[in-house]
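User: I am new to this structure and would like to go through it piece by piece. Please show it to me before I ask anything.

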Amino acid sequence: QAVSFALMDYARSRGITLIDTAATYTAGASEKIIGAWLADRRPKPGELIVATKIYPPYRPADIDANVAASAARLGVKTIDVLYLHKWDDDAATPDALRALDRLVREGRVRALGASNFTTEQLRTTLELQERLGLARFRILQNNNNLAVRDVDDALVALCAKHDVAIVTYSPLGAGFLTGKHRGGVQPGSRF
């Protein structure tokens, strides 16, 4: 926790304003550490954006329970950005999208996002959200670097058309692009 606090302090001192985590990162420990840091540092409202992700299944009861658990670990009433961590067929169901919409309308979530969705998956959900008059995905978070490109021209065009911001992750390809794996994948590495 002390090392994490130091890293977040350093990032904040350098102008970083987005903190990204997920319920699945170390079984919720990442959210707990960020929550403890937020409670200790007490940033002003709107000074930082905290994003987290929930994992399937995306059934209404699961969505509600997972968001409540993430908010509790983070120590916040409202999650700034809530991503669906990966595609699942439940993501494109009216019930799941209505549950997400309810979170926004209740003020428990400020913005919805999709992570690791293809162009067609994102198009399907955006069209259903629009057709049902529901809060829609505002942010897409996909892997994108010189080794793995999960943001192609078609996805960029779709996001531009629907005013969906793109946030990428893994700029160094989980360490692959640093050269440290030239002799083979290093044991214990993210890659």
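This is a predicted model: local features need pLDDT of at least 70, side-chain atom pairs count only at pLDDT 80 or more; totals for chains, interfaces and linings use all residues.

User: Is lysine 53 buried or exposed?

Analyst: A residue counts as buried when its relative accessible area is under 20%. Lysine 53 has a relative accessibility of 1%, so it is buried.

User: How is serine 13 classed by its accessible area?

Analyst: Serine 13 is found in helix α1, which covers residues 2–13. Serine 13 has a relative accessible area of 47%, so its class is partly exposed.

User: How far apart in space are serine 13 and glycine 175?

Analyst: The side chain of serine 13 makes a polar contact of 2.8 Å with the side chain of arginine 14. Glycine 175 is 162 residues away from serine 13 in sequence. From C-alpha to C-alpha, the distance between serine 13 and glycine 175 is 25 Å.

User: Which residues does methionine 8 touch, not counting those up to four places away in sequence?

Analyst: Methionine 8 is also found in helix α1. With 13% relative accessibility, methionine 8 counts as buried because the cut-off is under 20%. The residues methionine 8 touches, with those up to four places away in sequence not counted, are Ile19, Ile33, Ile34 and Trp37.

User: Which backbone nitrogen does the side chain of asparagine 145 reach?

Analyst: Asparagine 145 sits in the loop between β5 and α6, and its relative accessible area of 12% makes it buried. Its side chain makes a polar contact of 3.2 Å with the side chain of asparagine 143. At 2.7 Å, the side chain of asparagine 145 also reaches the backbone nitrogen of valine 148.

User: Which residues does asparagine 145 touch, leaving out those up to four places away in sequence?

Analyst: Residues up to four places away in sequence are not counted here. The residues asparagine 145 then touches are Ser170, Pro171, Gly173 and Leu177.

User: What arc do the buried residues Leu155, Leu158 and Cys159 cover around the axis of α6?

Analyst: Helix α6 covers residues 153–161, and Leu155, Leu158 and Cys159 are buried in it. They lie on the same side of α6 because the arc they cover around the axis is only 95°.

User: Which residues are exposed on the other side of α6, and which elements cover the buried ones?

Analyst: The exposed residues on the other side of α6 are Asp153, Ala160 and Lys161. The cover over the buried residues of α6 includes α5 (119–132), β5 (137–143) and β6 (165–169).

User: How are helices α4 and α5 oriented to each other?

Analyst: The axes of α4 (residues 94–105) and α5 come within 10 Å and cross at roughly 70°. That angle makes α4 roughly perpendicular to α5. Pro94, Leu97 and Arg98 in α4 meet Thr125, Leu128, Gln129 and Leu132 in α5. The crossing of α4 past α5 is right-handed.

User: What is phi of aspartate 163?

Analyst: Aspartate 163 lies in the loop between α6 and β6. At 57% relative accessibility, aspartate 163 counts as exposed. Phi is positive here in a residue other than glycine, with a value near 55°.

User: What is phi of serine 170?

Analyst: Serine 170 is found in the segment after β6. Although serine 170 is not a glycine, it has a positive phi of about 60°.

User: Which two residues are joined by a cis peptide bond?

Analyst: One of the two, proline 57, lies in the loop between β2 and α3 (60–74). Omega of the cis bond is about 10°, and the residues it joins are proline 56 and proline 57.

Key
Residues are numbered from 1 along each chain as its sequence is written. Side-chain values use heavy atoms; hydrogens and water are left out. Buried means under 20% relative accessible area, exposed over 50%, partly exposed in between (1.4 Å probe, protein chains only). Helices (H or I, at least four residues) and strands (E, at least two) are DSSP runs, numbered from the N terminus. A polar contact is a pair of N or O atoms within 3.5 Å; within protein, one must be able to donate a hydrogen and the other to accept it, and residues adjacent in sequence count only if both atoms are side-chain atoms. The arc is that of the directions from the helix axis to the C-beta atoms. Contact means heavy atoms within 4.5 Å. Axes are lines fitted to C-alpha atoms, for helices over the stretch in contact, and angles run from 0 to 180 degrees between N-to-C directions. Angles under 35 degrees count as roughly parallel, over 145 as roughly antiparallel, 65 to 115 as roughly perpendicular and the rest as oblique. A crossing is left-handed if the near helix is turned anticlockwise from the far one by less than a right angle, and right-handed if clockwise.
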